[in-house]
Amino acid sequence: MKSLLVIATALAVGYVGAIPADHPLVAKLDKLATLNKRQGGMTALANNMFNPKGGKVAAVAGAPPTRQANQKDSPAGANRVKMRYGPYKVPNMGVTNILGEEGALWNYADPVAEKPCDAQDGGACTIVGMYAGLEYPDGKNANIDSGLWLHHFVLFNVGPGRQDATCSSISLPHMLVGSSASGSERLFSSGNERTQAIVPNWPTGKNVGYKLKKEDKFALIVDLMNENMKDEVVYLTITFDIMSPAATATYDDMKPVWFDVAQCLTSEWPAPYNSGNYTVPAATWVANFDGEIIGAAGHLHDGGQRVTLEVDGKQVCNSEAKYGETKEYVQAKAMHANPNSATEHISSMSVCMGPKFLQKDLVKGQKWKLRAEYDYNKNKGMMHGNGKQSTVMGIAIMYVRVKK
Ligand SMILES: [Cu+2]
């Protein structure tokens, strides 16, 4: 129990860089993995430690169904299905967890999440689009203007043959949901900007989809924030555009590639400076499969300007942040009433695709690098009560067509 706390604290506040194989943390994680296998998974252990006052609660009586098919605006041939996960109780701002985060449901692991596939296909379907949301039990949108943040979540696909492209066997997020990077892959994620990945609408996204098999299982890490002084219960929604295996028999498969400044950790990175600008680079990823690039989008925290991707030293993707585009992303009062803390928040990240993605092919051996650029002079960050910038992130998810 103690070693988990030590590791998590290190990860949240002081850890830098990719983990070299001889790093003492590796031995600890390894030991922890063995220990937790014996105890039947680290999911419950971690949830109890970090989220004693929040987490999944009983379904709310009278709430809309957890699977809502035939949603409007799906691309041709696809069925748009909205899944409601949870509900999750998010503690109020007066509750501080052991990492010093207030009003947080912090990297809460939910190892069992329903897939969106149609019942007649027995748990198989092809995903061609995804986007996320946050809702109150009655279905009303939950966002910053009512104090609720979809800080981020990670959707895992756990199944035979699934291998995360950018993590090896020892990986904290995969362990949190009781799996490993060689038994699952991170399929989708979103922050509060709620970027939509509707692949058929992208220039090179035709006749390709993520082929979910019957044996695959979904799991989630959910990270939510509540700036109100009372606990809130909310549902995470993921809307999927799905097609039947029969209709997509000739489609190519799609593989996600997850870039992260805190790769194989919980993605949080301590802000290196409290003011001015800085860039956080990720460790280099050497491409380990071949394919055709479909698109990528980044995720940052407030103060972030852009996420860039570079291949063999050349910048090929620039995902830019925009702030406060709609009123849901603007607060009347800053967190902790701190005048140096942001009131206008990231409301969108641009997608690299088509001509905006200067690299067309993924080729084994290419050296890929993500950089996250921050500038607090342009956009304020989120500040804790003690005047410190809260942790930052730099993530991009790229989708790659794997030819038959
Ligand atoms: Cu984040």
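Biologist: Which residues touch the most other members of the largest nonpolar core?
Modeller: This is a predicted model. Its largest nonpolar core holds 104 residues, and the largest share of this core, 8 residues, comes from strand β6 (residues 148-158). In soluble globular proteins, nonpolar side chains tend to be buried together. The members that touch the most others are Leu220, Leu236, Phe259 and Ala396.

Biologist: Leaving aside its neighbours within four places in sequence, which residues is Leu236 in contact with?
Modeller: Leu236 is one of the core residues that touch the most other members. A contact here requires C-beta atoms within 7 Å. With neighbours within four places in sequence left aside, the partners of Leu236 are Tyr85, Gly86, Tyr88, Ala132, Leu134, Leu150, Phe153 and Val222.

Biologist: How many residues of strand β11 are buried?
Modeller: Strand β11 spans residues 232-243 and is mostly covered. It is joined by bridges to β3 and also to β5.

Biologist: Which residue in β11 is the bridge partner of Asn79?
Modeller: Strand β3 (residues 79-90) runs antiparallel to β11, and 10 bridges join them. Strand β5 (residues 125-135) is also antiparallel to β11, with 9 bridges, and there Thr126 has Met243 as its bridge partner. For Asn79, the partner in β11 is Ile242.

Biologist: Which residue in β7 does Val158 stand opposite?
Modeller: Strands β6 and β7 run antiparallel and are joined by 7 bridges. Val158 belongs to the range of β6, residues 148-158. Its opposite residue in β7 is Ser184.

Biologist: Why do the buried residues of helix α3 line one face of the helix?
Modeller: Helix α3 covers residues 43-50, and its buried residues are Thr43, Ala46, Asn47 and Phe50. An α-helix has 3.6 residues a turn, so residues three or four places apart point the same way. Seen down the axis of α3, the buried residues line one face because they fall within an arc of 100°.

Biologist: What percentage of the residues of the chain count as buried?
Modeller: The secondary structure comes to 4 helices and 22 strands. Among contacts with a separation of 6 or more, 79% join residues 24 or more positions apart. Of the 404 residues, the share that count as buried is 49%.

Methods:
Residues are numbered from 1 along each chain as its sequence is written. This is a predicted model: local features need pLDDT of at least 70, side-chain atom pairs count only at pLDDT 80 or more; totals for chains, interfaces and linings use all residues. A nonpolar core is a set of buried Ala, Val, Leu, Ile, Met, Phe, Trp, Tyr and Cys residues joined through C-beta atoms within 7 Å. A residue is buried if 20 or more other C-beta atoms lie within 10 Å of its own, exposed if 12 or fewer, and partly exposed in between; C-beta atoms are placed from the backbone. Helices (H or I, at least four residues) and strands (E, at least two) are DSSP runs, numbered from the N terminus. Two residues are in contact if their C-beta atoms, placed from the backbone, lie within 7 Å. Two strands pair if DSSP finds at least two bridges between them. The arc is that of the directions from the helix axis to the C-beta atoms.
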